[in-house]
Amino acid sequence: MKAMPMKRFDRIRKPQISRRGLLQSTAAVAAGGLLASAVDLSAPAAAHASGEPVLLYDRQAWGARPPTSPIEIIDAPDTIVVHHAVWPNTNDFSEKHAFQVSREIQDLHMDDNGWIDAGQQLTISRGGHVMEGRDRSFEAIRDGKLAYGTQVGNHNGHTIGIENEGTYTEAGTVVPTSQFGSLVQTCAWLCTQYNLDPFAAIKGHRDFNDTICPGQALYDRLPELRQRTADMLSYA
């Protein structure tokens, strides 16, 4: 991949999601073949003036189980960690399927791993649906805080994790436009809420632990993710 020019940000000023960036990213999600039931894509800027991702669903929407212990809310993270879920690369981009994936991931984390809840704070389906993972994650993000998760060994106290449905182990595996577009929107939202520089803040799971996650295909696109996230942001 050709190296992309980088923009550097003045961290003193708080980043905001620009209208142009929001419209471009929303169009990318729509181009992925979504029929959005959560929002009206005909007026994305009006519907999402807050900068939150287009297709955003809380735990109640997908039928989450309650955590087995209360979730701790801590200070803001300094890093956004991108994961892949090692899940089948389905062509079912529906809302119904996205909710099922969230339930299955939570079951795996709680029943097989023995964790108190889903480990990651956010999940993005291949159809571009963005779902709350760990309990209280939306509340924490909107308050500029972090719901303490279980997604990066020895680094959970300063990172927020995004689980992406699919398996991207092999270089060149296609990440759906709908999913990647929502990932850009989500990273821009998080950078805004936490006043983060996307070039410094967006990392892959393998940058911290001995793992192939988020897979070579998705890891190779992290420079693009940083740049497109930066392109969505303007500084007030």
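Analyst: Let's begin with a term. A pocket here is an open set of grid points with protein on both sides within 12 Å along at least five of seven lines, and its lining residues have an atom within 4 Å of a point. Keep in mind that this is a predicted model.

User: OK. How many residues line the largest pocket, and which lie nearest its centre?

Analyst: The lining has 18 residues. Nearest the centre are His83, His84, His109, Glu163 and His205.

User: What volume does the largest pocket have?

Analyst: About 280 Å³.

User: And what classes of residue are in the lining?

Analyst: There are 9 polar, 8 nonpolar and 1 charged residues.

User: Which element gives the most to that lining?

Analyst: Helix H4, with 3 residues. H4 covers 95–112. Strand E4 (79–84) also supplies at least two lining residues.

User: Switching to the sheet. What is the strand order?

Analyst: The order is E2-E6-E5-E8-E4-E9. This sheet of 6 strands is open, and the pairing is mixed.

User: Which strands stand at the edges?

Analyst: E2 (56–57) and E9 (202–204). Each has a single partner strand, so one side of each has no neighbour in the sheet.

User: How does E2 run relative to E6, parallel or antiparallel?

Analyst: E2 and E6 (residues 130–132) run parallel, joined by 2 bridges. Tyr57 sits opposite Met131 of E6.

User: Which strands does H4 touch?

Analyst: H4 packs on the sheet and touches E2, E5 (122–124), E6 and E8 (159–164). The direction of H4 makes about 40° with that of E6.

User: And what does H9 touch?

Analyst: Helix H9 (residues 222–232) packs on the sheet too, touching E4 and E9. The direction of H9 makes about 160° with that of E9.

User: Which non-glycine residues have a positive phi?

Analyst: Val86 has a phi of about 55°, and Asn154 has one of about 70°. Val86 lies in the loop between E4 and H4. Asn154 lies in the loop between strand E7 (146–147) and E8.

User: Is Val86 buried or exposed?

Analyst: Exposed: over 50% is the cut-off, and Val86 has 54% relative accessibility. Asn154 is exposed as well, at 80%.

Key: Residues numbered from 1 in each chain as written. Predicted model: local features only at pLDDT ≥ 70, side-chain atom pairs only at ≥ 80, totals over all residues. Heavy atoms only, no water. 1 Å grid on protein atoms, 1.4 Å probe; cavity = no way out; pocket = protein on both sides within 12 Å on 5 of 7 lines; lining within 4 Å. Points joined across faces, edges and corners; volume = space filled by probe spheres on them. Helix = DSSP H or I, 4+ residues; strand = E, 2+ residues; numbered from the N terminus. Nonpolar A, V, L, I, M, F, W, Y, C, P; charged D, E, K, R; others polar. Pairing = 2+ DSSP bridges. Contact = heavy atoms within 4.5 Å. Axes fitted to C-alpha atoms, helices over the stretch in contact; angles between N-to-C directions. Buried < 20%, exposed > 50% of the residue type's maximum accessible area, 1.4 Å probe, protein only.
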